[in-house]
Amino acid sequence: MKFLELLEPMTPKTFDKNEVYVIAIMLFIWMLFFTIHKKERRLLLTEIVCIYIFNVLFATVGDRILAEPPLDFYDTLDYGHGEFYDIVLQLCVYPLPILILIHFYRKYKPRIVTYTLLCACILSGLEWISVQYFNLFQYKEWKNFYSFLFYIFAVLTNILLSILLKKFIANRQNR
């Protein structure tokens with residue numbers, strides 16, 4: 001009984017549309033990733049694991065810095081502090097769109113600046129939908145434009161990471 005009382009601050013106030021949305025996007029993004037990856041492998045398992053872990057850490061640290069005091073720009077889901085579905089977002093949702101974007105970057109080899117801006121538009125558009133229709137985030141001092149700028153940094157960082165990983169793995173295999 002004491003254990004369940006300890007978990008109470010981590011449980012949603014109510015199980016409503018934002019939790020359903022988190023589950024739905026988690027299932028959708030994982031099915032999409034596995035379908036794309038199974039059809040045409042552009043990333044090695046090593047690269048997937050590295051990029052995945054990097055983005056779990058990136059999302060977790062980013063949310064802690066931006067969404068909690070002293071900055072406290074926004075809340076996620078039902079609380080001003082972390083809850084269970086924040087963990088689901090950080091572990092099971094945030095890394096997968098980046099892996100999909102890296103897959104398509106490798107496949108089509110677009111210009112890095114154009115692709116980064118396009119991806120930032122897509123990601124900030126998806127965030128806007130999450131805010132407007134599903135209350136996934138409650139902005140305080142945050143604006144969707146700030147997310148666009150953040151996504152430019154995040155996508156560019158991940159593309160550069162994937163390029164470095166590919167070179168590193170190729171050098172290791174040639175030894």
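1. A residue is called buried under 20% relative accessible area, exposed over 50%, and partly exposed in between, with a 1.4 Å probe and protein chains only. Met31 is exposed by this rule, because its relative accessible area is 56%. Met31 belongs to helix 2; helices (H or I, at least four residues) and strands (E, at least two) are DSSP runs, numbered from the N terminus. Between the C-alpha atoms of Met31 and Asn144 there are 27 Å, and 113 residues separate the two along the chain.

2. The model is predicted: local features need pLDDT of at least 70, side-chain atom pairs count only at pLDDT 80 or more, and totals for chains, interfaces and linings use all residues. Residues are numbered from 1 along each chain as its sequence is written, and side-chain values use heavy atoms, with hydrogens and water left out.

3. Confidence is expressed as pLDDT, the predictor's confidence in each residue, from 0 to 100. The protein has a mean pLDDT of 91, and 93% of its residues reach 70 or more. Among its elements, helix 5 has the highest mean pLDDT, 98, while helix 1 (residues 2–7) has the lowest, 69.

4. The largest pocket holds about 790 Å³ of space. It is lined by 34 residues, of which Val93, Tyr94, Pro97, Leu123 and Tyr151 are the closest to its centre. On a 1 Å grid over the protein atoms alone, a pocket is an open set of points with protein on both sides within 12 Å along at least five of seven lines, whereas a cavity is a set where a 1.4 Å probe fits but cannot get out; lining residues have an atom within 4 Å of a point. Grid points are joined across faces, edges and corners, and a volume is the space filled by probe spheres set on the points.

5. Which elements supply at least two residues each to the lining of the largest pocket? They are helix 2 (17–39), helix 3 (45–67), helix 4 (84–93), helix 5 (95–108), helix 6 (112–134), strand 2 (137–139) and helix 7 (144–173). By class, this lining comprises 28 nonpolar, four polar and two charged residues. Here Ala, Val, Leu, Ile, Met, Phe, Trp, Tyr, Cys and Pro count as nonpolar, Asp, Glu, Lys and Arg as charged, and the others, Gly among them, as polar.

6. Three cavities of 30 Å³ or more are present in the structure. The second largest cavity has a volume of about 40 Å³, and its lining consists of Ile98, Leu101, Ile102, Tyr115, Val155, Asn158 and Ile159. Helix 5 and helix 7 each contribute at least two of the lining residues. Six of the residues lining this cavity are nonpolar, one is polar and none is charged.

7. A disulfide is taken as a pair of cysteine sulfur atoms within 2.5 Å, and the count comes to zero. Cys50 is in no disulfide, the nearest cysteine sulfur, that of Cys92, being 19 Å away.

8. Six salt bridges are found in the whole structure, each a side-chain nitrogen of Lys or Arg within 4 Å of a carboxyl oxygen of Asp or Glu. Glu40 pairs with Arg42, with the closest N and O atoms 2.7 Å apart, and a network of salt bridges links Glu40, Arg42 and Lys107. Glu68 pairs with Arg64 at 2.6 Å between the closest N and O atoms; Glu68 is partly exposed at 22%, as is Arg64 at 29%.

9. The salt bridge between Lys140 and Asp75 has its closest N and O atoms 3.1 Å apart. Lys140 lies in the loop between strand 2 and helix 7 and Asp75 in strand 1 (residues 74–76), so the pair ties together parts that are 65 residues apart in sequence. Lys140 is partly exposed at 37%, whereas Asp75 is buried at 15%.

10. The peptide bond from Pro69 to Pro70 is cis, with omega near 15°, and Pro70 is in the loop between helix 3 and strand 1. Lys109 has a positive phi, near 50°, although it is not glycine; this residue sits in the loop between helix 5 and helix 6 and is exposed at 62%. Asn135, also not glycine, has a positive phi near 50°, lies in the loop between helix 6 and strand 2 and is partly exposed at 35%.
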